Number of protein chains: 2
Amino acid sequence: MPASPDHLSVTLNALADPTRRAILARLSLGETTVNDLAEPFDMSLPAVSKHLKVLEKAGLISRGREKQWRPCRLEPEPLKEVDMWLAKYRAMWEARLDRLEAYLTQLQAAADPPAPPVVTDKSDTQKDDRT
Amino acid sequence: MPASPDHLSVTLNALADPTRRAILARLSLGETTVNDLAEPFDMSLPAVSKHLKVLEKAGLISRGREKQWRPCRLEPEPLKEVDMWLAKYRAMWEARLDRLEAYLTQLQAAADPPAPPVVTDKSDTQKDDRT
DNA sequence: CGCGTACTTAACCGATAAGTTATTTAACAT
DNA sequence: ATGTTAAATAACTTATCGGTTAAGTACGCG
């Protein structure tokens, strides 16, 4: 027993493949069949079937039963989990962008000779965060 | 040549491992050394070094040089990419939650004929507004 | 210099992943 | 019954992953 990995890892792993993300993108337009999903890809049907199984195990899709077709449907729940994980870091890339913006503003000010010396407030652009 | 995979796949793959996510979480508290990063894990130093290389190739960390140490720093840019990809689906899970809420409300109303529906809103904890 | 510390690289190994072709199951149509 | 279409499963190949131990590199110091 390989000690079942956490759900988030399973989800991220499922998403870490362009084919599978393309499948999800296609499914975001609506339910469809396996053959229909497979059509745009340059690979065999069983290969697509395997990708679908990976997505299904991650809970990213579900499969119904209608006549001889097994329509796939997008299940966005796990994406929400990913988003919640990401949220913990969102402030960071935003902060970094803010710093970049401040830096650019400062450059702009420096390149503008007659203006008053806009105090280059370094305490606001350099936040060395060591606890 | 395995035809270099897209950056988003590389990033998601790097994130699809609990050890690597733990390393990022640690780095979100501040820069630190490899030995320090490795300390909490029950694996050899080279194993951690490999994980760091995966994270570095995804652009999720950068490494400096200070004396004999190679401090690692979190680089949140790629996380922003993930967020941007996720954004395309955000409306979906929110819509689905809305439907669930409506369904629950309806159940509540049906089960409770005379009283006003005392909505037990468990799903009101998300206030997510990025573009 | 030589030695220790910090870390990386090399070589290897078992497990898993991603693809293939061939076979099988399931549901319908004739 | 037989055949057809839709899809899954089996069996196999090859490559990558995640870990190991052992050796190598880079730096600081006495």
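Me: How many nonpolar, polar and charged residues does the surface near DNA strand D have?
Reply: This is a predicted model, in which local features need pLDDT of at least 70, side-chain atom pairs count only at pLDDT 80 or more, and totals for chains, interfaces and linings use all residues. Residues are numbered from 1 along each chain as its sequence is written, chains are lettered from A and ligands numbered from 1 in the order in which they are written, and side-chain values use heavy atoms, without hydrogens and water. A residue is near the strand if one of its heavy atoms lies within 4 Å of it; Ala, Val, Leu, Ile, Met, Phe, Trp, Tyr, Cys and Pro count as nonpolar, Asp, Glu, Lys and Arg as charged, and the others, Gly among them, as polar. By these classes the surface near DNA strand D has eight nonpolar, seven polar and nine charged residues.

Me: Which polar side-chain atom lies 2.3 Å from a phosphate oxygen of DNA strand D?
Reply: A polar contact here is a pair of N or O atoms within 3.5 Å. For R65(B), a polar side-chain atom lies 3.3 Å from a phosphate oxygen of DNA strand D. At 2.3 Å from a phosphate oxygen, the atom belongs to R63(A).

Me: Which element gives the most to the surface near DNA strand D?
Reply: Elements are DSSP runs numbered from the N terminus: helices (H or I, at least four residues) and strands (E, at least two). Chain A has six helices and two strands. With five residues, the element that gives the most to this surface is α4(A).

Note on methods: Polar contact = N/O pair within 3.5 Å; in protein donor to acceptor, adjacent residues only side chain to side chain.
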